[in-house]
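Subject: Structure handover

Hello,

Here is the structure I promised to pass on. Please open it and keep it beside you while you read my notes.

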Amino acid sequence: MAQSLELLLIQFLMPDNDARRQAEEQIKRLAKDPQVVPALVQHLRTAKTPNVRQLAAVLLRKKITGHWSKLSPQLKHLVKQSLVESITMEHSPPVRRASANVVSVVAKYAVPAGEWPDLLPFLFQCSQSTQEEHREVALILFSSLTETIGSTFQPHFTDLQTLLLKCLQDETSNRVRVAALKAVGSFLECIGDGEEVVKFREFIPSILNVSRQCLAAGEEDVAVIAFEIFDELIESPAPLLGDSVKSIVQFSLEVCSNQNLEPSTRHQAIQIISWLAKYKPNSLKKHKLVNPILQVMCSLLAQSTSGDEDDDLAPDRAAAEVIDTIAVNLPKHVLPPVLEFASISSQNSNPKYREASVTALGVISEGCTHLMKDKLEPVLHIVLVALRDQEQMVRGAASFALGQFAEHLQPEITSHYGSVLPCILNALEDASDEVKEKSYYALAAFCENMGEEILPFLDPLMNKLLASLQSSSRNLQETCMSAIGSVAAAAEQAFMPYAERVLELMKTFMVLTSDEDLRSRARATELVGIVAMSVGRTRMEPILSPYIEAAISGFGLEFSELREYTHGFFSNVAEILDDSFIKYLPHVVPLAFASCNLDDGSAVDIEDSDDDNMGGIGEVSSDDEAHDEPRVRNISIRTGVLDEKAAATQALGLFALHTKGSYSPYLEESLRIMVKHSGYFHEDVRLQAVIALKHILTAAQAIFQSHNDGSNKIREILDTVMDIYIKTMTGDEDKEVVANVCTSTADIIKECGYVAVEKYVPQIVDATLVLLRKEAPCQQIESDSEIDDDEAEHDEVLMDAVSDLLPAFAKAMGLHYAPIFAKLFEPLMKFAKASHPPQDRTMVVACLAEVAQNMGAPIASYVDRIMPLVLKELISSEATNRRNAAFCVGELCKNGGEPTLKYYGDILRTIYPLFGESEPDDAVRDNAAGAIARMIMVHPESIPLNQVLPVFLKVLPLKEDHEESVAVYGCVCTLVLSSNPQVLALVPDLVRLFAEVAVSPNETAEVKAHIGRAFSHLITLYGQQIQPILSNLSPQYANALAALSTAS
């Protein structure tokens, strides 16, 4: 065989395609015989040309896996000896490397079986050889062996690390340093997160040196190995970077700023900065690296990209992602430098800088939400000026930024509708389709949170949108439909005049079947659901049928996005029809089940590592090739399927909620799906599952309440739901999922009562403690630096939901909550430190107010700890803080007993300004009135009524917070009915107030009845003396008051 094989190897390397094909066929036939192994070994050692020797090694690597077990011990020894000789004596580097690859494959089987005990000693010996080639090939082998026998290196790990560090610092050979760099990368992948990995911290300076040398020599493909190593180190939970983070950032910034390097190299450098911002933000803060990073990233935003550059690798796009990530993790450190950059760059004559100025502001708006709201005027000015820029790229970026503001800077941004909406209306007429499309996005995001403020703009907006809908490209039509949906949601019933025309137009979109039109059909389906929600059941129910039929028929078109939006449409229809949706359940529930049970659609690419420069040698194969283990190169998930699953999961929950008792046939399967999806790998699906579980519990209570064994069935489902919720609170890594579980748990406690949830209380309390202490998986941050708790940002999504649990317990347990509250009080109060953001402090105050309201008297023992905090919050610069503090003062005084009396003087002095002209917020004033009312009701003797009542009555009636009505008007009526002399001195003010309450559409019948009794008492006391006061009232007010008096 040896002679014929040599000829075939030579023939295979010929340029003649026919000769090559014939050789390939013959080699395939011979390769099935185990004797091909010694023949290939012979040619590897003795063939005259390096190409033939290399080809023999490549074929040997591919064939030896299938034949190794069939070889005799003598042949196995021959193979190992020949490979060692090839590595040490071969002059051609490609042949040496190809032989090293064969060693790696043979070692996979020989080393674990104890058939090659000399291999590791041989490699250590080679790595210390005086010959550069030996040191290099030993390192190459160490690299490749980590993939096959990595675990056998464990006992030698310390020696290997010493060796690798020494080779990284090899002063005589660049090739050895490069091979050592590659070996370090391979070892890090192999060892995972063990203690050994921490020792790689000391390698970082040497890694940076080698990488810099490679860049200087033009070897970018090798230099980027450093970034792959840093990637491994950053993602590890172990504290691996230490002070080296500064050097890594400096190097990465050098690389990404160098326009002479390949886009992919620069992109990897930017990616390292992005990972650091995501996983190690406190390290960046500690080493004062945020500013230098932002300076470089902002300048990259303004960098022009060549037309042929891959969009995903464009430095401006990657830089925007980094700025976004830092803003999310370190907002305080981001806004000042970015705002400075934007202010200066917005005046630059280069349009790329003007574009960069508004792009930067747009991308930080999610992370810097609270800080940007305080700087909205200057920020908005920059963006609105850019929206009128002569350059299309600048106007497009401004539209994008405006959409981001509308999404993230609510509700403050909406108050600027007077200046923003006319600019957007103008941009909808832009000559550029790209600017138009981004303007529709901005309009959709902006209108989504508007209410009646949209009404003056409704007609011009809808005229433009409807005209565009009928004359634009498909792309623009889709964004236009999103904008119409937001306008409809904001306008509600006022959208009625436009609804018919919009719905009629949607019919044409909802029957499209061409692949390129299905996205438009999806948007149209979504829009019909939104319009239905706006105009309501009475208008929609008679005309819904054809739209539902069209939506159902769309499921047969095999387009995931259309199915996703269709589930959303059915969810909206269920919400407006409520129990009238029951007739559609048999048609729509199976569709939601089908989407929920879809295959996840993980797409796995397999990399068959064919050898370089060997042409089509990968085709030379045999059945034995099945023994080779392919390497997974990339795992990607079809996100369309995820979105569809999330929408279907949400739909099932809403179907259950709105059809309740009639959902019985689908309850069991829906519960099974929710249990499964609550542990799903993607948080979007988990989120919808945990929300839907609460709705399914609601439906189960309706279904089983009249059954003989109903209470047991409900208990079983409650057990399932609570088990999942408790595990999620302390086990899930996503904050939004945990937050929703906390909210749902609080709702269940309040709705079902203490007896129903008693057995879960200890676990819920423990989970609440874990979250208050920030010890849950979803709250974990990097271990690489000291965490400065005092600089923590307010975690609005999560902590507000966690703090809802405390008053929920209080409401369910009343006085009996005291021992549990004692455990939770101190962890809660940590959020009230002066160093914490104002949102943390007001969260604590609001929580304590509700606990005091519901727990009652036991709050007295906490008054001295709480009152100083609340008094400070009464003078906060934030309206929400003042409002919650005023509410809390009232509840503390109402329920806190004697310990509150000593604070009455301080409270009255501090709360007084909230009644004056300097207080801009009506809700704050209403809550201040509520506090005074509660104080008067419990200790009228401690209040100087002659001074307080005139100020108190002057701010009434309540303007915004009508939840204070019972306390406020109850107090006034009680004083009147008890003929309190101080209040009777203010009869004209009382009559005016009673008349305003009598005509108010916001007050309940109970409140008005109480007012009527008090007014009747005044008539009894003063008779005709009141007549002049009544005659000063308008007829409407006088009549309403008279009617109340008669009714009482």
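Start with a salt bridge: the side chains of Arg 21 and Asp 18 meet at 3.1 Å, N to O. Keep in mind that this is a predicted model. Both residues sit in helix α2 (residues 17-30). They are 3 residues apart, about one turn of the helix. Arg 21 has a relative accessible area of 48%, so it counts as partly exposed. Asp 18 is partly exposed too, at 47%.

How many salt bridges does the structure hold? The count is 34.

Another one joins Arg 212 and Glu 254, at 3.0 Å from N to O. This pair links distant parts of the chain. Arg 212 belongs to helix α11 (residues 204-216), Glu 254 to helix α14 (residues 245-257), and 42 residues separate them. Arg 212 is partly exposed at 31% relative accessibility. Glu 254 is partly exposed at 38%.

Next, look at Lys 759 and Asp 719. Their closest N and O atoms are 3.2 Å apart in a salt bridge. Lys 759 lies in the loop between α39 (754-757) and α40 (761-772), while Asp 719 is in helix α37 (residues 710-731). The two are 40 residues apart. Is Asp 719 buried or exposed? Its relative accessible area is 18%, and buried means under 20%, so Asp 719 is buried. There is also a network: salt bridges with shared partners join Asp 316, Lys 352 and Glu 355.

Now the core. The largest nonpolar core has 367 residues. Phe 230, Met 297 and Phe 495 are among those with the most contacts inside it. Helix α36 (residues 683-704) gives the largest share, 11 residues. Another core lies apart from it, with 5 residues, including Leu 518 and Phe 559.

Zoom in on Met 297. Leaving out residues up to four places away in sequence, Met 297 touches Leu 253, Cys 256, Ile 270, Ile 273, Ala 319, Val 322 and Ile 323.

Last, the rings. A search of the whole structure finds 13 aromatic pairs. One of them is Phe 495 with Tyr 498, a tilted pair: 5.9 Å centre to centre, with 45 degrees between the planes. Phe 495 is buried at 0% relative accessibility, and Tyr 498 is buried at 14%. Phe 809 and Tyr 817 have ring centres 6.0 Å apart and planes at 20 degrees, so they are stacked. Phe 809 is buried at 1%, and Tyr 817 is buried at 0%. Ring pairs also link Phe 809, Tyr 817, Phe 821, Phe 825 and Tyr 862 into a cluster.

Best wishes

Key. Residues numbered from 1 in each chain as written. Predicted model: local features only at pLDDT ≥ 70, side-chain atom pairs only at ≥ 80, totals over all residues. Heavy atoms only, no water. Core = buried A, V, L, I, M, F, W, Y, C linked by side-chain atoms within 4.5 Å. Buried < 20%, exposed > 50% of the residue type's maximum accessible area, 1.4 Å probe, protein only. Helix = DSSP H or I, 4+ residues; strand = E, 2+ residues; numbered from the N terminus. Contact = heavy atoms within 4.5 Å. Phe/Tyr/Trp six-rings, centres within 6.5 Å; stacked < 30°, edge-to-face > 60°. Salt bridge = Lys/Arg side-chain N within 4 Å of Asp/Glu carboxyl O.
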